[in-house]
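Let's take a look at how the inside of this protein is packed. Have the sequence and the model open as you read.

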Amino acid sequence: MPKKCFSSHVFAPLAFSSSKFQVPSSKFQVSKIMYKNRKSYQPDHTEEYVSEEQTHLLAFLNKVMAGRSNTTIKMYLKRQHCMINGVPTTQYNAPIAPGDVLTVNYTRPYVTFQNRMVTLLHEDDDLIVVEKKSGLLSVGVPNNREYTCQGIVERYIQRCYGHGHAYIVHRLDQYTSGILIFAKTRETMNVLRDAWSTYVVERRYLAVVEGIPEKEEGECASYLAENNAYRVYSTDNPEEGKLAVTRWKTVKTKGNYALLDIEILTGRKNQIRVHMSEMGHPVAGDRKYEAKTNPWGRLMLHNNVLQFIHPVTRRQMRFELPAPKSFELN
């Protein structure tokens with residue numbers, strides 16, 4: 001008989017920093033509906049088997065899964081529940097050599113998240129966190145999500161579970177790269193949207209701006225409004241706009257450019273872009289807000305840190321991305 005390595009319930013690795021700090025539940029109002037309606041994210045139940053002889057995949061499956069019907073075994077194979085030496089396969093006559101490792105996932109198929117514009121950072125019962133590349137829309141117009149971050153994540157969910165949606169919680173501008181959170185249920189989305197400032201602990205960006213700020217650090221605060229041309233601008237009238245606060249610090253300079261570490265205390269549309277432009281140091285590549293240059297062929301704005309409190313587990317979760325190479329100003 002082939003050697004059975006282990007049989008266990010394995011949780012998918014979590015690509016985030018998490019503390020055990022528990023936030024008092026009294027700070028949050030979470031609908032009981034989300035607990036009642038959400039479908040539990042089942043951990044992977046995988047088993048590994050090492051072959052002791054030369055054979056082929058279907059014959060090996062029949063041996064290690066003795067007791068299961070031929071229909072069930074073929075279903076696991078056809079639906080890509082099997083890997084040979086770490087590579088998923090559905091080829092029934094794939095050769096198996098002595099020492100080869102067969103891994104069977106009895107919970108779900110081996111669906112890999114592969115997309116050049118989106119990287120999966122974390123997934124659990126309620127949320128999916130990804131990194132979006134510059135140039136990709138966060139969300140499309142209604143009934144047209146095809147090539148958007150939301151559409152890509154939603155197709156992954158449906159391939160994994162056969163159903164489900166990716167509910168947008170917040171957005172990044174098309175040409176801003178960085179971290180995005182998607183909810184798996186409408187209830188989770190509504191909880192985060194309705195109390196975004198309560199759940200979000202820290203939100204930081206890297207920006208390359210034109211010119212060198214006179215001070216090493218500073219703060220911009222204004223009321224932001226939007227005109228009919230969809231251009232956001234600052235106003236002194238609190239009844240006309242919404243308060244936006246942006247803190248910044250110079251990290252590095254080179255030539256006529258400065259790399260800034262930016263923290264936003266509010267999340268308004270185009271907030272950083274407007275404040276940097278009104279400082280006289282627009283984000284490089286931001287022609288909409290008066291940038292004169294675009295040497296890197298993109299908007300030089302990157303959301304590199306997002307820390308928030310999980311709306312269900314109450315755990316603090318922190319994601320931090322490295323700076324894109326173009327931001328290093330080498």
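How many aromatic pairs does the structure hold? It holds four, where a pair means rings of Phe, Tyr or Trp (its six-membered ring) with centres within 6.5 Å; planes under 30 degrees apart count as stacked, over 60 as edge-to-face and the rest as tilted.

## Ground rules

This is a predicted model, so to speak of local features takes a pLDDT of at least 70, and side-chain atom pairs count only at pLDDT 80 or more, while totals for chains, interfaces and linings use all residues. Residues are numbered from 1 along each chain as its sequence is written, and side-chain values use heavy atoms, with hydrogens and water left out.

## Two of the ring pairs

Take phenylalanine 113 and tyrosine 156: their ring centres sit 5.0 Å apart with the planes at 65 degrees, so this pair is edge-to-face. Phenylalanine 113 is in the loop between strand 8 (101-105) and strand 9 (118-123), and tyrosine 156 is in helix 4 (residues 149-161), so the pair ties together parts 43 residues apart in sequence. Helices (H or I, at least four residues) and strands (E, at least two) are DSSP runs, numbered from the N terminus.

Phenylalanine 308 and phenylalanine 319 are stacked, at 6.1 Å centre to centre and 15 degrees between the planes. Phenylalanine 308 belongs to strand 18 (residues 301-309) and phenylalanine 319 to strand 19 (residues 316-320), so this pair links parts eleven residues apart in sequence. Phenylalanine 308 is buried at 1% relative accessible area, and phenylalanine 319 is buried at 3%.

## The nonpolar cores

A nonpolar core here is a set of buried Ala, Val, Leu, Ile, Met, Phe, Trp, Tyr and Cys residues joined through side-chain atoms within 4.5 Å. The largest has 39 residues, of which Val153, Ile262 and Met276 touch the most other members. Among the elements that each supply at least two residues are helix 4, strand 17 (257-264) and helix 7 (271-279).

Beyond its neighbours within four places in sequence, methionine 276 has contacts (heavy atoms within 4.5 Å) that include Val209, Trp248, Leu260 and Ile262. A second, separate core of 20 residues includes Ala183, Leu306, Ile309 and Leu321.

## Helix 5

The buried residues of helix 5 (residues 186-194) are Thr188, Met189, Val191 and Leu192. Down the helix axis they fall within an arc of 165 degrees (taken from the directions from the axis to the C-beta atoms), so they line one face of helix 5.

How values were computed. Buried means under 20% relative accessible area, exposed over 50%, partly exposed in between (1.4 Å probe, protein chains only).
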